[in-house]
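Work through the following exercises with the sequence and the model open. Each task is followed by a stepwise solution.

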Amino acid sequence: MTRRVTLPTSIVKPRGEEARRELLAEETRKVIEEYLGLPEMHFLEACVDCGACAPSCPFYKAVDKRYSPVGMANEMRKLYKKTSTITGKLLGRLVGARLPETEEEIEEIFDLAYHCSNCGACYYTCPHGIDSGTIIAMLRSVLFRHGLAPSIINLLARLELRVIESPWRSLQYEWDRVIEELKRDHNVAKEGEGRYLILLDIYNVFVNKENIDAYLEVLDAANIKYSFPDRPLGVRPPLPLTVGHYETARRVANFIYNYTISKGYGNLLILDGGYPYNDLKFAYTYYRASKPRELDIIHVAQLIYESYLYEGLPAFTQWGKATYIPSCNIDTRGGIGAASKLVEITARPYEKHLMWPYAGVGWMSLLCPYVREKLSIYLGVDLVLEEESVEEKLISDMRKVARHLAEEAYKTSTGYHVFGCIDDIIVMRAARVENVNPVHLAQWLKQHLLK
Ligand code: SF4
Ligand code: SF4
């Protein structure tokens, strides 16, 4: 039985265009004041508008040329210049400084800000080292403060805090039931006895369980000692970061760090291929969470690869031709090469998808019908899309991204396509893509590394 939780699905917007414009300026100043550091300053100031980043962006390529990284980031630059630079205040539009004047313009900015999954592909292609995804995330933070966020993602982000602060009884009951199953099937160490605490959350336990199971089988075979938290550590943390709600993201991240340390662990092990690894390990600097020095965030692919390299465990068998499709938050932003290496040593022949290595759907898979249905059941809320909502448009555009990725991936392999991130597979399925043969990395490793 699940209990219905009533929370606001969107934030109240101020009335009147003039009032909203003034408020937007104020919100921009706050975000700039609180979160502008040297890297962000470089990202805002050093762009020369060459457009070299555009072809790397999945949304630019597959959806519409409006969604170029520089074009989307420039919306934040306009706000920044108008509110926070002397030339912008004095010369206005002459130097590209501008605040939106109408409701329609704000809606347009909102649309642009959410056609970025923060995949990092543009960062890797910009000759000036500009991370447009970070700037676009700042724009989302301004919009959030201004009362604008996709309602479903906003609701899930708020629920994440609720889950962390006090999981309700029915949720805890369902959680305990699934955790018992996992404990029965795997060598889970008693609390405090494992070396790694696994980050388990609602998404991974209830939506992605088959891949969690597969990873645990490999960890068991490699004699790696791990434990589980006694409660869900969020919906898919730090989810509030995706809507730019830095303050809530900070509370969520701090809770997870403190919880891990309080249970006696120095290693938090991430089994998720999406943003949780990257955001908890690196991006916390953007929202000023306080990760203790003694806490390390480790991805499961690193651990399995090291075990294979140094212990010779587990042994592998060959499974056939495969292409590895890098995950934006493990391989690109996270900088983990271990996932692709693991596929490389277990596939003959092996290819790495280099033509378009970043699927870039990330947190957007939370909007797919399959995921919403599962989360609705366990969280006790209706995650129903409104017609003509921003979410509905995003799903439709994500499907275009998935089909485009599939066409590119198809060129590189006639065997299996191994994905490090479940989001990519979920979106592929939602888009009914037929010409790829997707396999999650966890399943691939289970098939190959275990005799
Ligand atoms: S972000 Fe980099 S690649 Fe893109 S337009 Fe600016 S300078 Fe050029
Ligand atoms: S981070 Fe990815 S999705 Fe966002 S603008 Fe850059 S390439 Fe496009």
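**Exercise 1.** In this predicted model, find how many bridges join strand S3 to strand S4, and state how the two strands run.

*Solution.* Step 1: locate S3 at residues 267-270 and S4 at residues 296-299. Step 2: count the bridges between S3 and S4, which gives four. Step 3: follow the chain direction in S3 and S4; the two strands run parallel. Step 4: check individual pairs. Leu268 stands opposite Ile297 in S4, and Ile270 has His299 of S4 as its bridge partner.

**Exercise 2.** Which hand does the β-α-β unit of S3, helix H14 and S4 have?

*Solution.* Step 1: trace the path from S3 through H14 (residues 275-287) to S4. Step 2: look along the strands so that they point away from you, and follow the path over the helix; a clockwise path counts as right-handed. Step 3: the unit made by S3, H14 and S4 is right-handed.

**Exercise 3.** Give the strand order of the open sheet, name its edge strands, and find helices that lie across it.

*Solution.* Step 1: the four strands are ordered S2-S1-S3-S4, with parallel pairing. Step 2: S2 (226-227) and S4 each pair on one side only, and these are the edge strands. Step 3: helix H13 (residues 246-262) lies across S1 (196-198), S3 and S4, at about 120 degrees to S3. Step 4: helix H15 (residues 300-311) also lies across S1, S3 and S4, running at about 70 degrees to S4.

**Exercise 4.** At what angle do the axes of helices H10 and H12 cross, and which residues make the contact?

*Solution.* Step 1: the axes of H10 (residues 169-185) and H12 (residues 209-221) come within 11 Å and cross at roughly 30 degrees. Step 2: H10 is therefore roughly parallel to H12, since angles under 35 degrees count as such. Step 3: the crossing is right-handed. Step 4: H10 contributes Val178, Glu181, Leu182 and Asp185, and H12 contributes Lys209, Asp213, Leu216 and Asp220. Step 5: sorted by class, these residues are three nonpolar, no polar and five charged.

**Exercise 5.** Describe how H12 packs on helix H21.

*Solution.* Step 1: the axes of H12 and H21 (residues 441-449) are 8 Å apart, at an angle of about 35 degrees. Step 2: the crossing of H12 and H21 is left-handed. Step 3: the contact residues include Ala214, Tyr215 and Val218 of H12 and Leu441, Leu445 and Leu449 of H21. Step 4: the contact of H12 with H21 has seven nonpolar, two polar and three charged residues.

Note on methods
Residues are numbered from 1 along each chain as its sequence is written. Chains are lettered from A and ligands numbered from 1 in the order in which they are written. This is a predicted model: local features need pLDDT of at least 70, side-chain atom pairs count only at pLDDT 80 or more; totals for chains, interfaces and linings use all residues. Side-chain values use heavy atoms; hydrogens and water are left out. Two strands pair if DSSP finds at least two bridges between them. Axes are lines fitted to C-alpha atoms, for helices over the stretch in contact, and angles run from 0 to 180 degrees between N-to-C directions. Angles under 35 degrees count as roughly parallel, over 145 as roughly antiparallel, 65 to 115 as roughly perpendicular and the rest as oblique. A crossing is left-handed if the near helix is turned anticlockwise from the far one by less than a right angle, and right-handed if clockwise. Contact means heavy atoms within 4.5 Å. Ala, Val, Leu, Ile, Met, Phe, Trp, Tyr, Cys and Pro count as nonpolar, Asp, Glu, Lys and Arg as charged, and the others, Gly among them, as polar.
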